[in-house]
Amino acid sequence: MSKPIVAIIGRPNVGKSTLFNRLAKARISIVDDTPGVTRDRIYADVEWLNYKFTMIDTGGIEPESNDIILSQMRRQAEAAIASADVIVFLVDNKTGLTDSDMHVANMLRKSHKPVVLVVNKVDDMQTQTMGIYEFYNLGLGDPIPISAGQPLNLGDMLDAIVEYFPQPTDDEEEDDAIKVAIIGKPNVGKSSLVNKICGEERVIVSEIAGTTRDSVDTEVTIDDQKYVLIDTAGLRKRKKVTEAIEKYSIIRTVAAVERADIVLIMIDANEGITEQDTKIAGIAHEAGKGCIIVVNKWDSIEKNDKTMNAYLKDITNTLAYMQYAPCMFISAMTGQRIGKLFDMIHTIAQNQTLRISTGLLNDVLYEATAMNQPPHDKGKALKILYMTQVSVKPPTFVLFVNDKELMHFSYLRYIENQMREAFGFKGTPIHFIVREKG
Ligand code: GDP
Ligand code: GDP
């Protein structure tokens with residue numbers, strides 16, 4: 001089951017980032033923060049009670065004039081309406097109701113999306129709640145007063161959010177289609193690839209409704225294998241919205257990645273790998289998805305026998321934390337290696353659902369620890385008692401140890417390498433959970 005997406009939208013300075021940081025702190029993650037992945041996070045995993053969701057903040061942009069505020073809020077709201085399962089519409093108790101709040105509320109109401117109306121900066125629940133009543137005028141139901149700064153009342157807000165989460169259905173997981181998201185900056189060739197795939201003769205294409213309104217998925221069947229290309233709404237129609245403001249397109253990217261099994265991270269061969277590419281790649285990596293780095297427009301560059309290696313080296317250096325992800329050099333225009341790309345997708349889909357028996361795992365572990373002794377500290381050595389696989393997509397392993405503190409990142413990396421040598425796992429991250437057993 002993919003995690004629900006919750007987007008926080010609202011005018012500049014209402015407190016979106018403050019709220020986001022508050023909730024993101026509560027995040028419990030099985031993987032350490034990845035070195036090299038950007039710190040200025042605008043999405044995070046949040047847990048509340050038994051619920052897990054991905055939260056996206058669209059803050060951080062501060063337009064000067066009111067006209068710009070409104071047009072940017074519109075775009076922000078559109079992205080949230082298209083991609084999020086629940087929208088948190090944040091307004092400001094100190095400034096009160098504004099025209100742009102009204103405009104956005106109209107859009108939200110028409111979308112029939114679940115909206116939780118939250119009034120921030122109610123720093124004193126006794127004396128400051130009077131002001132919130134004017135927000136009933138937005139026609140979005142009961143405003144929930146909070147203070148992101150203090151913090152106050154966040155639990156009530158979270159209760160209201162999770163109430164809207166879609167109930168998991170049984171048939172969702174049985175689908176044997178491989179879900180593929182194509183991500184990358186504007187103009188790298190995402191639409192061209194989708195159109196090329198759908199235009200191939202041996203490919204059967206059908207459009208299916210995405211999980212959210214306004215999102216369209218495309219199902220293609222190639223050699224009897226079904227693939228779902230996620231959120232192709234903006235891609236297939238060639239409707240060119242220039243995504244001038246990256247933060248809004250990130251909502252769509254995070255949502256698409258969340259729903260995908262395999263993510264194609266597309267890079268433009270003419271530009272090489274850029275800072276923006278690494279941010280986008282980080283989204284797929286952190287979500288634990290199968291990843292392929294797809295260098296597109298391979299037709300358009302001058303090359304000799306060294307060019308591909310030079311690209312590989314550059315990408316490997318820049319995305320050092322994603323060594324598992326294969327690189328493919330394609331042309332969405334000529335169709336070069338698109339067949340191979342789908343072979344690779346198919347392989348990775350198998351790798352990410354691989355289950356290794358505990359016996360076999362411990363054979364590998366035994367050999368690994370014999371070859372390279374586990375670390376020790378002040379005379380006490382780390383003992384890894386045994387290892388067992390607990391889940392797939394990505395393959396996740398629990399290591400039972402005598403003392404968690406003794407485990408080093410570098411030793412974990414070593415074990416990962418040994419496991420990859422034994423079992424491959426090409427294209428998929430693998431996760432480890434270290435647990436103490438007395
Ligand atoms: P954003 O632009 O919507 O992301 O807003 P920020 O999170 O950057 O917050 C804008 C300003 O409002 C900052 O100066 C915050 O310190 C302040 N702020 C945020 N939440 C609260 C709150 O609950 N109470 C008060 N009094 N100030 C807050
Ligand atoms: P998107 O914004 O990522 O969906 O990018 P588009 O698919 O709209 O492509 C942007 C531009 O790059 C268009 O002018 C395409 O014709 C061009 N383009 C896309 N793929 C290729 C390719 O493989 N080779 C070349 N030479 N041009 C390409």
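The model is predicted: local features need pLDDT of at least 70, side-chain atom pairs count only at pLDDT 80 or more, and totals for chains, interfaces and linings use all residues. Residues are numbered from 1 along each chain as its sequence is written, while chains are lettered from A and ligands numbered from 1 in the order in which they are written.

**Entry: ligand 2**

I looked up which of the 16 residues around ligand 2 come nearest, and found Gly189, Lys190, Ser191, Ser192 and Met333; a residue is near if its C-beta atom, placed from the backbone, lies within 6 Å. Helix H5 (residues 190–199) gives the most to this shell, with 3 residues. Helices (H or I, at least four residues) and strands (E, at least two) are DSSP runs, numbered from the N terminus.

**Entry: the sheet**

I traced an open sheet of 6 strands with mixed pairing, in the order E2-E3-E1-E4-E5-E6; strands pair if DSSP finds at least two bridges between them. Strand E2 (43–48) and strand E6 (144–145) stand at the edges with a single partner strand each, so one side of each has no neighbour in the sheet. E2 and strand E3 (residues 51–57) run antiparallel and are joined by 6 bridges. Within this pair I noted Trp48 opposite Tyr51 in E3.

I then found helix H4 (residues 154–162) lying across strand E1 (5–9), E2, E3, strand E4 (86–92), strand E5 (115–120) and E6. H4 runs at about 165 degrees to E5, with axes fitted to C-alpha atoms, for helices over the stretch in contact, and angles taken from 0 to 180 degrees between N-to-C directions.

**Entry: chain and confidence**

I counted 12 helices and 18 strands in the chain. Of its 438 residues, 39% count as buried, that is, with 20 or more other C-beta atoms, placed from the backbone, within 10 Å of their own.

I read an average pLDDT (the predictor's confidence in each residue, from 0 to 100) of 85 for the chain, with 86% of the residues scoring at least 70. The model scores ipTM 0.77 and pTM 0.79.

Notes
Two residues are in contact if their C-beta atoms, placed from the backbone, lie within 7 Å. A residue is buried if 20 or more other C-beta atoms lie within 10 Å of its own, exposed if 12 or fewer, and partly exposed in between; C-beta atoms are placed from the backbone.
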